[in-house]
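Me: I have a structure open and would like to go through it. Can we start with how the chains meet and then look at the backbone?

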Amino acid sequence: MIRHLIAATSAAACLALGAMAETYAVIGEKVWTGTDAGTIDDGIVIIRDGRIVTVGGPDTPVPEEATVVNAEWVTPGLISAFSRTGIVEVDAEDSTNDTSAALSPFSVSLNAADGFNPDDTAIDVTRIAGVTRIVVAPSPATNLFAGQGFVADTTGSQETALRERAFLYMSMGEGGAGLAGGSRPAAWAQLRAALDDARAYPGRYAGGGEGDVLTRRDAQALASAARGQQLILVSVRSATDLNALMDLAESDRALKFAVVGGDEAWRVADRLAALRIPVILDAFSNLPGSFDQLAATQENASRLVAAGVSIAIVNLGNDSHLARLMTQIAGNAVANGLDWDEAMKSLTVTPAKIFGLSGYGTLAVGARGDVVAWDGDPLENTSNTDAVFIDGVPQDLTSRQTELRDRYRTLDESQRPLAYVHP
Amino acid sequence: MKRNFWMAAALGAFALAACGGPKEVVKAFSAEEPFPSNPYPSTYAPYPNAPVLITNATILDGEGARIENGSLLIQGGKVTALGLEIAAPEGAVVIDAAGRWVTPGIIDNHSHLGAYPSPSVTAHQDGNEISAPVTAEVWVEHGIWPQDPGFSRARAGGITALQILPGSANLFGGRGVTLKNVPARTVQGMKFPDAPYTLKMACGENPKRVYGYGRGSYPGGAPYSRMGNMAGYREAWIRAADYRRKWDKYNIEGGDMPTRDLELDTLAGVLSGEILVHMHCYRADEMAQIMDMSREFGYKVTAFHHAVESYKIADKLADYGACSSMWADWWGFKMEAYDGIPENIPLVANAGACAIVHSDSDVGIQRLNQEAAKAWADGKRIGIDIPIEQAWEWLSLNPAKSLGIDDVTGSLKPGKNADVVIWSGDPFSIYTKADQVFIDGALMYDRAHPETNAVTDFELGQPGEGDVK
């Protein structure tokens, strides 16, 4: 007997119990796979034991025991390729904000995962919007190097498995200049010296020796990135600063870079493509907000893709609480010339590729069960999710925001104060 | 002798002719007369344009009506007709807008464009006079840079008018100003003629963060707390009431002219109903305190801004009659924004209170239609079903009302300014863009001809000059 999934959140919560052995059939009028299978009309995705076991058309047999979810659109779970979600509760309240530490003696070795709080209210908000996985970076404070980033799912579970030290995050350009002492020469001096310290680790530090720039622990933390064994995310915007970074990349082919920001990346797109450097960008950027963003344009994304650059679209304007607006930003990029499929890839396939998240980002046989059911085109302003699966487990779609909404739905205090309303 | 006189006169006349005509005579100071009431007047005049007839469009008039396959006629800078079949007058440009939508221009009533312009360098920080918590004497228009590229970006997003406000560092930030979104060399060239002045106020965390625990520049350090904020406002209103009494007495009885005080001019202007209060305030309980304070001193809060918790007191806001200028979904960046929810705007509208979508952002201002769309859809999902033609009031008519300019703009009615946007499709869709933007009937933005669009001085000679933005 085929059971139908009721959209009620309590039902979803009940289903989450012991759900690992459950089978789900997610049926969409449009199923976007992110693979060569493209978009399947009236497609069916079967999830069992945490994995996708079938992706097919309307004739795909649905197992007897499957719980069925019907939707307008079905897609892989979205992946935010750059955020601060889960490491800060209220940005302006320092006690709740673990993104950076201005008084810490450490930089490269700071591990953002140590600040991850699965109870963070922003995680629920992000999950409900169909973002199943988040890449989280620290913020720099004392020098160019913010520290180690991680990848997490958005279940909000205390058992959330983190992929720690997934990348190093650092800042160059105008931001880096400020952090390194006040100029780009200072930033480059610091970067070159730091790479030297890292390559010379542990020898330079033996017997109490000191680095030129990095303390022992930070040099140790930079060592794998310096040897090309860890991805380095660099915040850099202008064509000039991008070219300088690419000069470094060409001089040391081992180093693995991805650009964050890249507002003027379209001006040097061919070189980025040749060097296979991906760009993680916010497609809203079109203002000369600083002198290193003068040529920013909303056509950045489409121009980069046309030149063969891999892109991931994220919300850099509010990366802690509104990572979920990546869909609006990607839709905007489509309105500015980006192909719709490429926009969807920038939210799923490409982030997975950049961070080596194998099994995520597509709907394919054997892939992990991160699946989202939508009530409309996922990039449209007016669409919302109907169901969210993470590793094959249907997720609770309530948050602090939905509880506040439900309490204040009617302002009737004639019998009791609203505080007695338990949503 | 006579000859010399004539020679001198002839030489004088020649000199005058070479200078090119009579110079402006600045009215001399007079000890008897009080100060001029409008010392920085608008010099804006609508730009010329042939009549325009838009046909076959889905038209939202901005007051709740929707016309399918409709026509709109623009003549002499005004909307002159709106309906199904309109004959094209002689010389009219006819635009067949089949498949496209037409709406009133969007009005953003919370912007810092020009005062916090791009690029955001240290010399351009002109939005907050952080030298004291009460600076009602400053006028933001005196720091607006018309060459801010943000104005052009906003125009491409369908913004035809906007309010520039001081920031929210101060209890009283200073006078705001309403502008037409036209390129101009001077601020006066953008000022919305005859628009009332506004006064920016702020409650909550910002003033006490800047001055109190932020150890701001004001001696004594007040305000440190919300109660300090309230005492600060009340103390200023007391001085304003006293100033008002002195000037009222002088205007009736004469005698010694009271000493003019720039700060109290503005505050007294609020008490006399001429200047409209726009107040940054997030928390429901604080908005309730502010409403009581307004009753204490006999003025009205025209609009609460950000108003993240308006959904909690939408009934009280509806009864009082204040607008709430809100975001679709910003939340969590301060404690007072912690309870922000995406259904705020539709919940407020549903309670019968005036709802406005604002940006407070040079990025957000470019797509307020999308922000409204998100809020509208979130309302629909919880059973608040507002037709799009009514929701458009959040973008045009309600902001116009909050700025005291709804008699001339904010909706498409015969006789009102032709502030019109032709959209490439449904303006609530992410894929829709503004195709043409008319201000007072003049085409000020045309997506089809980017070579004709405004490029600010700052962008000349820079990478990306003239590029599609």
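Reply: What follows covers the contact between the chains and then some backbone details.

Reply: This is a predicted model, where local features need pLDDT of at least 70, side-chain atom pairs count only at pLDDT 80 or more, and totals for chains, interfaces and linings use all residues. Residues are numbered from 1 along each chain as its sequence is written, chains are lettered from A and ligands numbered from 1 in the order in which they are written, and side-chain values use heavy atoms, with hydrogens and water left out.

Me: How many residues does the contact take from chain B and chain A?

Reply: Chain B gives 56 residues and chain A gives 52 residues, where contact means heavy atoms within 4.5 Å.

Me: And what area is buried between them?

Reply: About 4500 Å², with carbon and sulfur atoms giving 54%. Buried area is the accessible area (1.4 Å probe) that two parts lose on being put together, summed over both. In chain B, Trp331(B), Ile430(B) and Tyr431(B) lose the most area to chain A, together 17% of what that side buries.

Me: How many salt bridges cross the interface?

Reply: Six, a salt bridge being a side-chain nitrogen of Lys or Arg within 4 Å of a carboxyl oxygen of Asp or Glu. One of them joins Glu343(B) to Arg405(A), with the closest N and O atoms 3.5 Å apart.

Me: Which helix gives the most to chain B's side?

Reply: H9(B), with eight residues. Helices (H or I, at least four residues) and strands (E, at least two) are DSSP runs, numbered from the N terminus.

Me: Switching to the backbone. Which peptide bond in chain A is cis?

Reply: The bond from Tyr201(A) to Pro202(A) is cis, with omega near 0°. Pro202(A) sits in the loop between helix H4 (184–199) and helix H5 (216–226) of chain A. In chain B, Ala222(B) and Pro223(B) are joined by a cis peptide bond with omega about -5°.

Me: Why point those out?

Reply: Because most peptide bonds are trans, and most residues other than glycine have a negative phi.

Me: What is the phi of Asn56(B), then?

Reply: It is positive, about 65°, although Asn56(B) is not a glycine. Asn56(B) lies in strand S1 (residues 52–60) of chain B. Asn56(B) is partly exposed, with a relative accessible area of 35%; buried means under 20%, exposed over 50%, partly exposed in between (1.4 Å probe, protein chains only).

Me: And Asp360(B)?

Reply: Asp360(B) has a positive phi near 50°, and its relative accessible area is 22%, partly exposed.
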